[in-house]
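Here's a fold to pick over, one label at a time. Let's ask what each term rests on.

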Amino acid sequence: MIRKLHIESFGKFRGRSFDFGPVTLFFGRNEAGKTTLFDAVFDKLCAPKASTDPGKVLKNRYGADRRARLEFDGEATRIPAADFLNLFSSEEGRVGKWCRSWW
């Protein structure tokens, strides 16, 4: 399980940490940074290569010098980018616009 997301520099966040529990919900107004947190978790959990579409999107959005790390309860893990992105959906079960932009 992910215990914490540490962000040194990623999008609008600098020097921040976010705790995770068995269920973690991020909510807030538009432009609060919810997608940035999602992208930081995606970047660290999936580590997409810079030559892939997801890697290119992350570089374009946040630059090549983005820095974050995940802290796990137990052994660290990696999952394929496609598997992670398939978990993301929005309103009424439809795949969100953000997710479609990766493909």
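Q: What makes the largest pocket a pocket, and how much space lies in it?
A: About 380 Å³ lies in it. A pocket is an open set of points on a 1 Å grid over the protein atoms alone, with protein on both sides within 12 Å along at least five of seven lines, whereas in a cavity a 1.4 Å probe fits but cannot get out. This is a predicted model, where local features need pLDDT of at least 70, side-chain atom pairs need 80 or more, and totals for linings use all residues. Residues are numbered from 1 along each chain, and side-chain values use heavy atoms, without hydrogens and water.

Q: Why are α1 and α2 called oblique?
A: Their axes, lines fitted to C-alpha atoms over the stretch in contact, cross at roughly 135°. Angles under 35 degrees are roughly parallel, over 145 roughly antiparallel, 65 to 115 roughly perpendicular and the rest oblique, so α1 and α2 are oblique to each other.

Q: What makes α1 and α2 partners in contact?
A: Contact means heavy atoms within 4.5 Å, and T35, T36, D39, F42 and D43 in α1 meet P54, L58, R61 and Y62 in α2.

Note on methods. 1 Å grid on protein atoms, 1.4 Å probe; cavity = no way out; pocket = protein on both sides within 12 Å on 5 of 7 lines; lining within 4 Å. Points joined across faces, edges and corners; volume = space filled by probe spheres on them. Axes fitted to C-alpha atoms, helices over the stretch in contact; angles between N-to-C directions. Helix = DSSP H or I, 4+ residues; strand = E, 2+ residues; numbered from the N terminus.
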